[in-house]
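Subject: Structure for your review

Dear colleague,

Please find below the structure that I am handing over to you.

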Amino acid sequence: MPELLNKRIYIIFGIMLVFAVIYIVRLFSLQVTDDFYKRSADENALRYITEHPVRGLIYDRNDSLLVYNEPVYDLMVVPHELREFDTADMCRLLEIDKETLLKRIERARSYSPRLPSTFEQQMSKEDFAYLQEKLYQFPGFFVQSRTLRYYPEPIAAHVLGYVGEVNNDVLENDAYYQLGDYIGISGIEKTYEPELRGVKGKRIVLVDVHNREKGRYRNGEEDVMAIPGQPLWSTLDLSLQKYGEELMRNKRGSIVAIEPSTGEILCIVSSPGYDPNLLVGKNRSRNYANLINDNVNKPIYNRALQAMYPPGSTFKLINGLIAQQEGVLDQNTVYPCPGGYQIGSHTIGCHHGGATNLVSAVQVSCNTYFCKAFYNIISNKKKYPTIQEGYQAWKDHVNRMGFGVTFDTDLPFENKGIIPSVDYFDRIYHGRWNGNSVVSMGIGQGEAATTPLQMANSIAIIANRGYYIKPHIIKAIGSKDIPNDRFNDVIESGINEAHFDPIIRGMVAAVEAGTGRQAIIPGIKVAGKTGTAQNPHGKDHSVFVCFAPAEDPKIAIFVLVENGGWGGSVAAPIASLVVEKYLKGEIGRTDLEKRILELKP
């Protein structure tokens, strides 16, 4: 019996010893090797501050700065750390009422009780300095710096785009962003957001009982440096962009100029425009509301990429190329013009009259010639047994040349225009239609609608005699020596090179002795084409396309002035002035320049 008792004592003692060892080891771990509880205690005196990276700068093609950053300060709040404070004093400092203050706190609490949220955005250096002196009176609040975009020149708003606060959709789908962060909303800022935004950093600071920072935690060992966004070099020419916007002042319409050999957009104007600085800072929301509600001028609307216009007579160039490719005519083919194209009792008038071949038809912009050419393309029964097949063949050509499709360029919100489908016409005409039913598209009227960007690109195709590179706005990322390789592919139009010669000769003749004489530039041979796009809502739109020098193209341009009337009177001189500015660097025809600057269609 005593032996059994002793054995039990040993067992109990052994169990107690095991528990004691476990307890000692755990205590040693907690107090010496594991700093979890120390960290938990420290959290009451630590503040985690997001270091927002500097957003990447944007330059023009000649290294002129288009977009830069200026520092501002955000007042942040951590709801969990809030203690009783003088709300009246806070309202006085921020110039808000108590209801607004409480709503902001509740919004921050609903986002996260323990994570910082933006309470007051974009304070100036002066406001920050004043608040900093009293910040110790408001536990749970702190200030962090960030930068805002600014624009040294009030131009190219539609191209550059703007940044704004992230919405709930972004917060739910992208873990990078937090409430109060900014993101590119439009233009370059949107397309190149991943490159421009950089990478956030983190700074941990010690805070005393008076809410004052006392230095870096662990001498900054756990801080993470922010990585700045990458700079971008745009294809824009700053001086040309400014000049184009000046010429379009008090006018509605668009200018798009492209370097044909590269697809680089030299200038892209949508008028009326707006100062991009209006969408920066505290007044951004109010200014945006004013711009978006301006239903007369529609300054937010990007006419260069989104507006759809009948291309007018400039579309005759495209149909002349397709007609040659389809074998229905060559440069010597003559279509007599009795003063118009007859469709039953209806006549599509032509101001020219007389017999013309392809070159002279381009020169004088003969409606009859190109109506007949278009009709013969889609009604070529030897090649296409049905009108549907003939029309589809024509549509395939124009789609391949960039019409009725988008380029997937680096400018967002691009419209594809309208090149109707076979199904559309079958539905409209109940399957019974022919070439004359849609013949007005042969002269750029009727159902066809194009964007200024598409028309400028089509002229680049002609300048290149058959190919194009997607029009784009950014040429280098990170360094000027690192080209943007997204836009290198050469896209063939499907038109044989030989077919461009009569079209180009006709365009040169149109400027030198035809409808485009207002585009003559002394010392520079210009190949151009006028157009007058019909407008059912008022005066017709003035249209002009050209490239120069004709023998070695450096610039291809499309100009449309809404309600400007005849293409040769308004759009042609504007285009020629932009070309002269780009190729010569200065304007010699000052009288013409003065007339255009003062013009208000």
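This is a predicted model: local features need pLDDT of at least 70, side-chain atom pairs count only at pLDDT 80 or more; totals for chains, interfaces and linings use all residues.

Backbone features

As background, most peptide bonds are trans, and most residues other than glycine have a negative phi. The following places depart from that pattern.

A cis peptide bond links S271 to P272, with omega at about 0 degrees. P272 belongs to the loop that runs between β12 (264-271) and α11 (284-292). Another cis peptide bond links A548 to P549, where omega is about -15 degrees. P549 sits in the loop between β19 (541-548) and β20 (555-561).

For D63, phi is near 75 degrees. D63 lies in the loop between β2 (58-59) and β3 (65-77), and its relative accessible area of 41% makes it partly exposed. For Q122, phi is near 55 degrees. Q122 is part of strand β4 (residues 117-123). Because its relative accessibility is 10%, and buried means under 20%, Q122 counts as buried.

The residue E562

E562 is located in the loop between β20 and α20 (571-584). Is E562 buried or exposed? With a relative accessibility of 14%, E562 counts as buried. Its side chain makes a polar contact with the side chain of Y309, at 2.6 Å. Setting aside neighbours within four places in sequence, the residues in contact with E562 are R252, G253, R303, Y309, H541 and P601.

The helix α20

α20 consists of 14 residues and spans 20 Å from its first C-alpha to its last, close to the 20 Å expected at 1.5 Å a residue. Why can α20 be called largely enclosed by the rest of the structure? The reason is that 10 of its 14 residues are buried. These buried residues are A571, A572, P573, I574, A575, S576, L577, V578, V579 and E580. Which elements do they pack against? They pack against α10 (238-247), β11 (253-259), β19, β20 and α21 (590-598). After α20 comes G585, which has a positive phi, near 85 degrees.

With kind regards

Note on methods: Residues are numbered from 1 along each chain as its sequence is written. Side-chain values use heavy atoms; hydrogens and water are left out. Helices (H or I, at least four residues) and strands (E, at least two) are DSSP runs, numbered from the N terminus. Buried means under 20% relative accessible area, exposed over 50%, partly exposed in between (1.4 Å probe, protein chains only). A polar contact is a pair of N or O atoms within 3.5 Å; within protein, one must be able to donate a hydrogen and the other to accept it, and residues adjacent in sequence count only if both atoms are side-chain atoms. Contact means heavy atoms within 4.5 Å. The expected span of a helix is 1.5 Å times one less than its number of residues.
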